[in-house]
Amino acid sequence: MNRIHEAFEGKKAFIPFFTCGYPDLDTTERCVREAVAAGAALVELGIPFSDPTAEGPVIQEASLKALEGGVTTDAVFDLVARLRRDITVPLVFMTYANVVYSYGSEHFIGRCAETGVDGLILPDVPFEEKEEFLPYCRRYGVSLISLVAPTSADRIAMIAREAEGFIYLVSSLGVTGTRREITTDLKAIVRQIRAAAQVPCAVGFGISTPEQAAAMASLSDGAIVGSAIVKLIGQYGQEAPAYVGDYVRRMTAAIDNCPPEAVCV
């Protein structure tokens with residue numbers, strides 16, 4: 001069993017997302033440590049990119065400011081190496097194909113394995129084009145994590161059958177960002193995923209409150225939150241880690257009441 005599978009073993013997983021280098025790498029490192037101490041089961045680390053097409057305005061702005069601050073892919077790998085001195089939960093990169101291509105796909109994925117990155121999410125790479133990266137991921141033991149969206153329709157079972165690590169279920173159409181409510185029939189999509197997949201499924205996009213996190217985790221195996229956390233960091237800057245820890249603690253408590261073995265709504 002790898003670290004990603006262990007993150008979901010016997011419990012629902014709360015998964016926070018951080019834009020690396022926003023507002024600086026030291027703050028990112030402290031935020032991750034606070035999140036893990038507060039109960040985060042897995043952490044998504046966003047490598048900033050100039051054209052993050054899946055992201056809403058909050059994460060777009062964070063990526064731009066991180067890049068303006070001089071964050072590089074090498075600096076993010078160095079951050080992971082520091083975290084891995086004592087952080088044992090899974091760490092997953094979320095970035096874009098051009099970041100990997102420009103670094104050199106094999107070199108990038110090899111460094112993921114070397115520094116302790118467990119998985120890779122590339123939201124701009126369609127399922128049908130994953131072979132550009134999959135051989136390297138398998139060579140180095142890095143899970144290439146698949147996304148399923150409300151528009152995936154008759155492709156859901158195909159994606160689920162070949163999924164690795166966990167499945168990132170996109171809750172709503174559009175880009176990342178907080179939403180008042182999530183109206184997609186996620187229960188039906190999760191049913192299709194579970195019929196075909198051998199890996200857990202976590203829901204992301206639009207989640208910001210403990211109530212939303214509990215509802216999404218009750219339907220699936222976990223909840224992913226990005227924009228709400230990045231917004232919190234934008235509000236408090238270098239003082240954000242304590243606020244992030246408190247937020248993650250409340251979100252984790254909200255999903256802990258959902259039984260791990262069944263849908264509870």
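**Close-up 1. Contacts of phenylalanine 166 in the predicted model.** Neighbours within four places in sequence are left aside. In soluble globular proteins, nonpolar side chains tend to be buried together.

**Close-up 2. Strand β9 beside strand β1.** Strand β9 spans residues 222–225, and both of its faces are covered. Gly222 and Ile224 lie on one side, Ala223 and Val225 on the other. These four residues are all buried. Strand β1 (residues 13–19) pairs with β9 in the parallel sense, over four bridges. Alanine 13 stands opposite glycine 222 of β9.

**Close-up 3. The aromatic pair of tyrosine 103 and phenylalanine 108.** The whole structure holds ten aromatic pairs. In this one, the ring centres are 5.9 Å apart and the planes meet at 85°, so the pair is edge-to-face. Tyrosine 103 and phenylalanine 108 are both buried. A further aromatic pair, tyrosine 168 with phenylalanine 205, is edge-to-face, at 6.0 Å centre to centre and 90° between the planes. That pair links distant parts of the chain, 37 residues apart. Tyrosine 168 sits in strand β7 (residues 167–170). Phenylalanine 205 sits in the loop between β8 (201–204) and α10 (210–219). Tyrosine 168 and phenylalanine 205 are both buried.

**Close-up 4. One aromatic cluster.** Phe77, Phe93, Tyr103 and Phe108 make up this cluster.

Definitions and conventions: Residues numbered from 1 in each chain as written. Predicted model: local features only at pLDDT ≥ 70, side-chain atom pairs only at ≥ 80, totals over all residues. Heavy atoms only, no water. Phe/Tyr/Trp six-rings, centres within 6.5 Å; stacked < 30°, edge-to-face > 60°. Buried < 20%, exposed > 50% of the residue type's maximum accessible area, 1.4 Å probe, protein only. Helix = DSSP H or I, 4+ residues; strand = E, 2+ residues; numbered from the N terminus. Contact = heavy atoms within 4.5 Å. Pairing = 2+ DSSP bridges.
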